[in-house]
Amino acid sequence: MDTYRTDDIIYALATGWVRSALAVIRISGKGCIARFAPVFTASQKLLSAQNGTLVYGEVKEIDQVVVSVYRDGHGYTGEEALEISCHGSLVGIQKLLDMCGRLGFRQAGRGEFTYRAFAHGRMDLTQAEAVEELVDSMSDKGQSQALGRLNGSLKMKLAEVRKRFLQAMAAIEVQLDYSEDELDEFIFPRTQLESIVHDVERLDATYQVGRLYGEGAKVVLAGHTNVGKSSLFNLLLHEQRAIVSPVPGTTRDWLEERVVIDSIPIRLYDTAGLRESGDIVESEGISRTRGLLAEADLVVYLHEDGDGHAPEGEHVLSVWAKNDLVPHKGLAISTKTGEGIKELLAAIAARLRKSLPESEGEVVIQSRRQHELLGEIVKDITSALALESQGVPLDIVSSVLQEGLSALGEITGAVTSAEILETIFSGFCVGK
C-alpha cells in the first residue's frame with residue numbers, strides 16, 4: 001500500500017477524459033485549501049468558506065470555475081477537500097491538472113479517494129466496494145441493490161451477525177477462562193451458532209442475484225453452422241453487429257454485446273457454429289465456444305431439422321430456428337419474420353429468474369470476495385460444531401470459530417491485509 005498514502009494531497013479528474021459541458025477535478029488532503037487559494041481569484045472567500053459551500057472565481061489565466069469546499073471530517077474522503085467544476089475543454093482540463101502538479105499535489109491512484117474514505121472511517125469495505133458496483137451497475141435493480149449497500153444495508157446486516165457471533169464466542173471463552181467448579185453447568189451455544197450459519201448461508205445465496213443484476217447474465221447463442229445465431233444476435237441488438245453469410249463457418253470467434261431483457265442485464269454472445277472442421281482458425285473458434293458454453297448462465301441452443309438433437313439441461317433453452325421454412329411445435333423462431341422472438345425473450349427471462357433464490361426485500365451481495373468469505377464463515381462454524389459433537393477439547397473448537405470471526409472481519413475491513421486492500425481499490429476508476 002505504499003502508493004495509498006494518507007499524509008499528502010492528491011488530485012484527479014473525476015469525470016471522463018472527453019470534451020463535455022462540465023468536468024470535475026477532485027483534490028483531497030490536509031492543507032489543500034490554503035495551497036490552492038493563491039491561484040484562485042476569490043482566495044479570501046475560499047479560505048473563509050464554511051463546509052459544504054460553493055465559491056465562484058477564476059483559476060488565474062486558465063478557467064472560470066466553481067469550487068466545492070469540504071472541511072476536515074466532512075465530504076467524501078473525510079478529510080479537507082476541494083472539487084473544482086470547470087468547463088469541459090480538454091485543453092483547459094489539462095492546464096488545471098498541470099497546475100495541481102505544480103502546487104505539489106500528487107496524482108491519485110485508482111480508487112484512492114475511496115480508500116481514504118475507508119481509512120478515515122467514512123465507510124467500511126462493503127460500502128467501498130458498493131461504490132464501484134454502483135458505477136458499474138447495468139440495470140435499475142442492480143443500481144438499487146448497490147445503492148442499498150452503499151447506504152449501509154450490508155454493513156448493518158454483518159454487524160448484527162458479528163454481535164451474535166461474539167456473544168456465542170464469549171460464552172465459550174468464559175468456560176475456558178475459569179475452572180469447572182467456578183461456573184454453573186456449561187451449555188455449548190450450538191443453537192446460536194446454527195442460527196448464524198443459517199443466516200450467513202441465506203445471505204451468501206443472494207450472490208447469484210447480485211451478480212446477475214450487477215454484472216449481467218452470460219447468455220450464449222449456440223448451434224450448428226448457418227442455423228441463424230448471428231441473425232438472432234443482430235436482431236436482439238437492433239443492429240448489424242455480426243456478419244451474416246450463407247457460407248458455413250463465417251463466425252470464427254465469439255462476439256459479446258450487452259442488452260437488457262425484461263429488466264435483466266444480459267451479456268449476449270454470438271459463437272462459432274459447432275461442427276467438425278479441418279480449418280485451424282475455425283477449430284480454435286469452436287474450442288472457445290465450448291469454453292463459453294461451460295461458463296454460461298444460459299445457453300440458447302438453435303437447431304433445425306437434420307442437425308441432431310439439442311442438448312438438454314437446466315441452463316439450456318432449446319429453440320427451433322428458421323420456423324418460416326419448416327414450422328415446428330414448441331419454442332420456435334424466425335429471424336426473417338420476427339415470429340416467436342417475443343416468446344423467446346420471455347423464455348430467456350423466465351429461465352434466468354427460475355435459477356435465482358428468493359431474495360425480495362433482502363440484502364443482496366455482488367462481490368465475489370464477499371461470497372468466498374461468507375463461505376469460509378459457514379465452513380468454519382460447521383467444522384467447529386462437528387468437532388464439539390465429537391468431544392474435541394473446547395480450546396480447539398474455539399480456535400476454529402476464531403477463524404470464522406476473522407473471515408467476517410475481512411468482509412467489512414475490520415481485519416484485512418494491505419495486499420487485499422490494494423487489490424480491491426486498484427480495480428476502481430481514477431478519481432473514485
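The residues lining the second largest pocket divide into three nonpolar, five polar and seven charged (Ala, Val, Leu, Ile, Met, Phe, Trp, Tyr, Cys and Pro count as nonpolar, Asp, Glu, Lys and Arg as charged, and the others, Gly among them, as polar). This is a predicted model, in which local features need pLDDT of at least 70, side-chain atom pairs count only at pLDDT 80 or more, and totals for chains, interfaces and linings use all residues. Residues are numbered from 1 along each chain as its sequence is written, and side-chain values use heavy atoms, with hydrogens and water left out.

Let's stay with that pocket for a moment. Its lining has 15 residues, and Glu129, Glu132, Glu133, Ser367 and Ile424 lie nearest the centre. A pocket here is an open set of points on a 1 Å grid over the protein atoms alone, where a 1.4 Å probe fits, with protein on both sides within 12 Å along at least five of seven lines; lining residues have an atom within 4 Å of a point. Helix α5 gives the most to this lining, with four residues.

| Helix | Residues | Axis approach and crossing of the pair |
|---|---|---|
| α5 | 125–136 | within 8 Å of α6, roughly 155 degrees |
| α6 | 140–150 | within 8 Å of α5, roughly 155 degrees |

Axes are lines fitted to C-alpha atoms over the stretch in contact, with angles from 0 to 180 degrees between N-to-C directions. The two helices are therefore roughly antiparallel (over 145 degrees).

Technical notes
Angles under 35 degrees count as roughly parallel, over 145 as roughly antiparallel, 65 to 115 as roughly perpendicular and the rest as oblique.
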